[in-house]
Amino acid sequence: MENSKICEYCNSPVIANADNYEIFENMHWLCFHLNFEHSGDRDESCDDPSCPWWHIEIYIEKLKSLGLDPQTVIEDAVKERWRNESHK
């Protein structure tokens with residue numbers, strides 16, 4: 001069955017939040033956020049508590065406070081993903 005929910009903004013299929021397609025004006029949640037809720041540069045966090053860039057900033061600061069290097073955490077995750085996918 002083909003997904004008939006196509007994002008009005010980026011023209012890609014809406015899958016993960018398909019149940020909220022109409023609520024987000026026929027868009028992905030992220031496309032909706034960036035178009036209607038996000039203020040300022042789209043590559044920087046905004047004041048909206050649901051902003052994914054803000055969440056990333058929080059995670060980075062928490063990792064640092066725990067004594068972890070965020071870049072190393074990402075590199076380890078990439079290696080782990082690669083190992084898991086190579087065994088499929």
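Asp43 is exposed in this predicted model, with a relative accessible area of 67%, where exposed means over 50% relative accessible area, buried under 20%, and partly exposed in between (1.4 Å probe, protein chains only). This residue sits in the loop between helix H1 (29-37) and helix H2 (52-65); helices (H or I, at least four residues) and strands (E, at least two) are DSSP runs, numbered from the N terminus. Residue numbers start from 1 along each chain as its sequence is written, and side-chain values use heavy atoms, with hydrogens and water left out. As the model is predicted, local features need pLDDT of at least 70 and side-chain atom pairs count only at pLDDT 80 or more, while totals for chains, interfaces and linings use all residues.

Asp43 also belongs to a negative surface patch, together with Asp41, Glu44 and Glu57. Patches are made of residues with over 30% relative accessible area and no salt bridge, with like charges joined within 9 Å and nonpolar side chains (Val, Leu, Ile, Met, Phe, Trp, Tyr) within 5 Å. Asp and Glu count as negative and Lys and Arg as positive, whereas His and the chain ends are not counted. The place of a charge is taken as CG of Asp, CD of Glu, NZ of Lys or CZ of Arg. The areas themselves come from the Shrake-Rupley method with a 1.4 Å probe, and for residues only the protein chains shown count as cover.

On to H2 itself. Ile58 is found in H2 and, at a relative accessible area of 38%, is partly exposed. With Trp54 and Tyr59, Ile58 makes up a nonpolar surface patch of about 310 Å². Just past the end of H2 comes Gly67, whose phi is positive at about 85°.

Next, the charge pairs. Side chains of opposite charge can pair when their charged atoms come close. A salt bridge here is a side-chain nitrogen of Lys or Arg within 4 Å of a carboxyl oxygen of Asp or Glu, and the count by this rule is two. One links Lys64 to Glu61, with 3.9 Å between the closest N and O atoms. Both Lys64 and Glu61 are in H2, three residues apart, or about one turn of the helix. An α-helix has 3.6 residues a turn, so residues three or four places apart point the same way. Lys64 is partly exposed at 48% relative accessibility, and Glu61 is partly exposed too, at 49%.

The other salt bridge joins the side chains of Arg83 and Glu80, at 2.7 Å from N to O. These two residues lie in helix H3 (residues 70-86), again three residues apart and about one turn of the helix. Arg83 is partly exposed, with a relative accessible area of 39%, and Glu80 counts as partly exposed at 35%.

That leaves the segment before H1. Ile6 is placed there and counts as partly exposed at 33% relative accessibility. Its C-alpha atom is 8.9 Å from that of Tyr21, a residue 15 places away along the chain. The C-alpha atoms of Asn17 and Leu30 are 9.9 Å apart, with 13 residues separating them along the chain.

Most residues other than glycine have a negative phi, and most peptide bonds are trans. Asn11, however, has a positive phi near 65°. This asparagine lies in the segment before H1 and is exposed, at 59% relative accessibility. Glu25 is likewise not a glycine, yet has a positive phi of about 50°. Glu25 is placed in the segment before H1 and is partly exposed, with a relative accessible area of 45%.
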